[in-house]
Amino acid sequence: MWGLAMIWPIGGVLLLALLLWLIRRPMRAGQSTALVDASRFVHSDYRTPFYGWEMINLCHRTVLTGWVLLIDDERAFLRLVLALFTSLLVCFFLLALRPYRKTSDLMLAASQQLLLVFLFLGAMTLRTRAVLAEQVSLDLTLTLSLSLTLTPTLTLTLSLTPTLTLTLTLTLT
């Protein structure tokens, strides 16, 4: 079972690395060979110095979809931190190096990376809240009250609880 699970994260990356290694000299020289032409779908979106950018994309995808699962479930927050940092790193290099030929492709890729960053930040926020809810007893309610006497016979009380419940009490005496 584990052997099959390793075919994509390891085998796919190694095969792509081999392909990029085989076409490195013709790509740098600007030559067109049969292998360069056959592998154009891998590198045609990128500027020539960054013909191997797809390797970074593939490694990023395998980290997000596979390698983080090697971290125990008890350390789910660590998974999110690893995913966040890898996405931030890829986003930083993407914007700094600008590997795409077309600006529209660059903007789309940068938007995707920023969306992943915000997604992981949101997941971290939800995970933190869930852990705090487990550790802190929410049975104690803190109530913020405001009482205002409008007339000797009318009192207005406003209460705000941590669950964001707003209570309005009118007391007629």
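Residues are numbered from 1 along each chain as its sequence is written, and side-chain values use heavy atoms, with hydrogens and water left out. Because the model is predicted, local features need pLDDT of at least 70 and side-chain atom pairs count only at pLDDT 80 or more, whereas totals for chains, interfaces and linings use all residues.

Rings of Phe, Tyr and Trp (its six-membered ring) were paired if their centres lie within 6.5 Å; planes under 30 degrees apart count as stacked, over 60 as edge-to-face and the rest as tilted. Tyr46 and Tyr100 form a tilted pair, with 5.0 Å centre to centre and 50° between the planes. Tyr46 lies in the loop between helix 4 (40-43) and helix 5 (53-65), and Tyr100 in the loop between helix 6 (76-97) and helix 7 (103-135), so the pair ties together parts that are 54 residues apart in sequence. Helices here are DSSP runs (H or I, at least four residues), numbered from the N terminus. Tyr46 is buried at 3% relative accessible area, and Tyr100 is buried at 13% (buried, under 20%; exposed, over 50%; partly exposed, in between; 1.4 Å probe, protein chains only).

Phe92 and Phe93 form an edge-to-face pair, 5.3 Å centre to centre with 70° between the planes. Phe92 is exposed at 54% relative accessibility, while Phe93 is partly exposed at 38%.

Residues up to four places away in sequence aside, Ser87 touches His60, Leu64, Gln113, Leu116, Val117 and Phe120 (contact, heavy atoms within 4.5 Å).

Conventions: Helix = DSSP H or I, 4+ residues; strand = E, 2+ residues; numbered from the N terminus.
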